[in-house]
Amino acid sequence: MAPPQRCPLCRQTFFCGRGHVYSRKHQRQLKAALERFLPQVEAARKAVRAAQVERYVPEHERCCWCLCCSCEVRKHLSHGNLTVLHGALLEHLASPEHKKATNKFWWENKAEAQMKEKFLISPQDYARFKKSMVKSLDYYEEKEDEVIKEMAAQIREVEQSRQEVVRSVLEPQAEPDPEEGSSAPGSRKGTNSQVASSSQQPSFLDLPPAPELDWMEPGQPLTFIGHQDVPGVGNIHSGATPPWMIQDEEYSSGNQQIGPSYEEFLKEKEKEKLKKLPPDRVGANFDHSSSTSAGWLPSFGRVWNNGRRWQSRHQFKTEAAARNKQQPHKETS
């Protein structure tokens, strides 16, 4: 009997020796696994002639499973903030270790020999990929330089416009002398222009007075109550203290405590502790504030004593002995 062997593709142990690789199930599993890995190899092969360079993002750290080497391989080649798509996978497919592992995998699983070349990258193709990668990197750097120059030009324009606005605000305006302005003919023109400009600007004095509303009209839904002026009490228009600045009488003394007192805090804390206890416990409804005498408890069993039961028993015996000693003394007396 052949020793047991484990097939990683079929995920089972078989005892038929090398004959398992020729079975229909194994060949079906092998074909399905190669079809899953082939699209990734073809996508990497397309990047041989035209390498793509992009800005680095965390998604470029993805890995793929190499079926021939039985290990995880990174798909993209990243350096700094740049990433070459499918660079790491092409480097792995062109390595001699992958070629050796592929030959071993094809021999052990008896795969089709025609498909082996699809999973290998020749050294010539990898050299061609390196040349296209250098060209793509140069083109990407030129494009980035153009973008940086455009951004710098925009920043200069914004800074220049900001400086012009600041300069126009900070420049001192020439104020004409009233004595010279009365004699100079140019000053008359300036005053006339100022008057004309001021006449063009709207003024609150030129506005027509607001019409008085007739509050007693029957068609109006509102009713005029009247002016609510309290005699002897001023308002903010007459120079009186605003109501929000007046201290209340109850807070003027400053002796009132803000917030709950310490005793109220302790009571609330005890209530929180009691809420955690079961509501159906013995003595849950007992009023601890009621006045009770010391003799309301029963004198047997020491049920409400703290401690062990044997302590209650010994205490009961000592009290009984003391009671028996006192009884003869009373009889003799």
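**Figure 1. Helices H1 and H3 packed against each other.** In this predicted model, helix H1 (residues 24-46) packs with H3 at an angle of about 150°, and their axes are 11 Å apart. Look for His26, Gln27, Leu30 and Leu34 on the H1 side of the contact. On the H3 side, you'll find Phe105, Trp106 and Asn109. What kinds of residues make up the contact of H1 with H3? They divide into four nonpolar, three polar and no charged.

**Figure 2. Aromatic rings around tryptophan 106.** A pair of aromatic rings is described by the distance of the centres and the angle of the planes. The count here comes to five aromatic pairs. One of them joins phenylalanine 105 and tryptophan 106, with 5.9 Å from centre to centre and 65° between the planes, which is edge-to-face. Tryptophan 106 also pairs with phenylalanine 119: their ring centres are 5.7 Å apart and the planes are at 55°, so this pair is tilted. That pair links distant parts of the chain, 13 residues apart. Tryptophan 106 sits in helix H3 (residues 96-109), while phenylalanine 119 is in the loop between H3 and helix H4 (123-170).

Figure 3. Phenylalanine 105 has 9%, so it is buried. Tryptophan 106 has 5% relative accessibility and counts as buried too. Phenylalanine 119 comes in at 0%, so it's also buried. For the chain as a whole, buried residues make up 18% of the 333 residues.

**Figure 4. Lysine 110 over the face of tryptophan 107.** Here's another ring to look at. Lysine 110 lies over the face of tryptophan 107, at 3.7 Å from the ring centre.

**Figure 5. Histidine 92 and its contacts.** Find histidine 92 in helix H2 (residues 87-93). Histidine 92 has 15% relative accessibility, so it counts as buried. Which residues does histidine 92 touch, not counting residues up to four places away in sequence? They are Cys66, Cys69, Val73 and His98.

**Figure 6. Serine 78 in strand E6.** Strand E6 covers residues 77-79, and serine 78 lies in it. With a relative accessible area of 22%, serine 78 is partly exposed. Leaving out residues up to four places away in sequence, serine 78 touches Tyr56, His60 and Thr83.

**Figure 7. Glutamine 124 in helix H4.** Glutamine 124 is found in helix H4. At 54% relative accessibility, glutamine 124 counts as exposed. Glutamine 124 and alanine 94 are 30 residues apart in sequence, and 9.5 Å apart in space from C-alpha to C-alpha.

**Figure 8. The whole chain, for orientation.** The chain has nine helices and seven strands. Among its contacts with a separation of 6 or more, 52% come from residues 24 or more positions apart.

Terms used: Residues numbered from 1 in each chain as written. Predicted model: local features only at pLDDT ≥ 70, side-chain atom pairs only at ≥ 80, totals over all residues. Heavy atoms only, no water. Phe/Tyr/Trp six-rings, centres within 6.5 Å; stacked < 30°, edge-to-face > 60°. Buried < 20%, exposed > 50% of the residue type's maximum accessible area, 1.4 Å probe, protein only. Helix = DSSP H or I, 4+ residues; strand = E, 2+ residues; numbered from the N terminus. Lys NZ or Arg CZ within 6 Å of the ring centre and 35° of its normal. Axes fitted to C-alpha atoms, helices over the stretch in contact; angles between N-to-C directions. Contact = heavy atoms within 4.5 Å. Nonpolar A, V, L, I, M, F, W, Y, C, P; charged D, E, K, R; others polar.
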